[in-house]
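Trainee: I have a model open and would like to learn how to read it. Can we go through it one feature at a time?

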Amino acid sequence: ADSLILLPYSSKESFNSQNVQMASQEISKQEANLNVLKSALKPDFNVGYSAQNYFDGGWLHGLQAGVELPLFNKQSKQKIEAQKLQIEVGKAVVEAEKLQFQQELLSIDNALKLYEAGVLYYQEQLELITPEIERISQLNYKAGEISYLELLNTLTISAKNNMGYWDQVLAYNKTVVVYQFFNN
């Protein structure tokens, strides 16, 4: 009973890369920082009340209201423009990470197709061709038409095909595991 089987594989178009998530989170942080910088251009209002008890004179009450207007805001506007550029750079980084991730998944997908083709090739060899070669070689050996070394050569080819099959299955399964690692 062979214990090594082909792992199930299904290609999916998802961008669950940690690098993409981190770059997206950086954009959110930059956008929040932009809102903070924009708030520096807005007027600031404040209202205050105070009460103080004097021992000799009683209570003293005070009310304060104020408006703060930013007059010199050229530096704040430059910071806002720089922050907008930073957000655009962040968006470009996200797109670059997505493209790199897609490229890695495509490379893995191509490797899987190659290994699957190898598995199918060796499977065909083992199921159809190798048994027939072995049967014919044994019949020819029994009939004295080939030597013992030629029979051993046939068995060596059979063993190499078997080993090639298991190597392809193992490589396929390793690639599926790498795909699952990248995609989860």
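Trainee: How near do the axes of helix α1 and helix α2 come, and at what angle do they cross?

Mentor: Some ground rules come with that. This is a predicted model, where local features need pLDDT of at least 70, side-chain atom pairs count only at pLDDT 80 or more, and totals for chains, interfaces and linings use all residues. Residues are numbered from 1 along each chain as its sequence is written, and side-chain values use heavy atoms, with hydrogens and water left out. Helices (H or I, at least four residues) and strands (E, at least two) are DSSP runs, numbered from the N terminus. An axis is a line fitted to C-alpha atoms, for helices over the stretch in contact, and angles between N-to-C directions run from 0 to 180 degrees. Here, the axes of α1 (residues 18–39) and α2 (residues 74–142) come within 9 Å and cross at roughly 170 degrees.

Trainee: What does that angle make α1 and α2 to each other?

Mentor: Angles under 35 degrees count as roughly parallel, over 145 as roughly antiparallel, 65 to 115 as roughly perpendicular and the rest as oblique. α1 and α2 are therefore roughly antiparallel to each other. The handedness can be read too: a crossing is left-handed if the near helix is turned anticlockwise from the far one by less than a right angle, and right-handed if clockwise. α1 passes α2 in a left-handed crossing.

Trainee: Which residues of α1 and α2 make the contact?

Mentor: Contact means heavy atoms within 4.5 Å. On the α1 side the residues include Val 20, Ala 23, Ile 27 and Leu 34, and on the α2 side they include Ile 80, Ile 87, Val 93 and Val 94. For classes, Ala, Val, Leu, Ile, Met, Phe, Trp, Tyr, Cys and Pro count as nonpolar, Asp, Glu, Lys and Arg as charged, and the others, Gly among them, as polar. The residues of this contact divide into nine nonpolar, seven polar and seven charged.

Trainee: Which residues form the largest nonpolar core?

Mentor: In soluble globular proteins, nonpolar side chains tend to be buried together. Buried means under 20% relative accessible area, exposed over 50%, and partly exposed in between (1.4 Å probe, protein chains only). A nonpolar core is a set of buried Ala, Val, Leu, Ile, Met, Phe, Trp, Tyr and Cys residues joined through side-chain atoms within 4.5 Å. The largest one has eight residues: Val 20, Ala 23, Ile 27, Leu 34, Leu 37, Ile 80, Ile 87 and Val 94. The elements that give two or more residues to this core are α1 and α2, and α1 gives the most, with five. Apart from this core lies another, of seven residues, among them Phe 101, Leu 105, Tyr 172 and Val 176.

Trainee: How do α2 and α3 cross?

Mentor: Their axes come within 8 Å and cross at roughly 160 degrees. That makes α2 roughly antiparallel to α3. α2 passes α3 in a left-handed crossing. By class, their contact has 23 nonpolar, 14 polar and three charged residues.

Trainee: Is Ser 158 buried or exposed?

Mentor: Ser 158 is found in helix α3 (residues 148–183) and is buried, with a relative accessible area of 12%. Leaving aside neighbours within four places in sequence, Ser 158 is in contact with Leu 126, Thr 130 and Glu 134. Thr 154, also in α3, counts as buried at 12% relative accessibility. Thr 154 touches Ile 133, Glu 134 and Ser 137, with residues up to four places away in sequence not counted.

Trainee: And where is Leu 126?

Mentor: Leu 126 is in α2 and counts as partly exposed, at 24% relative accessibility.
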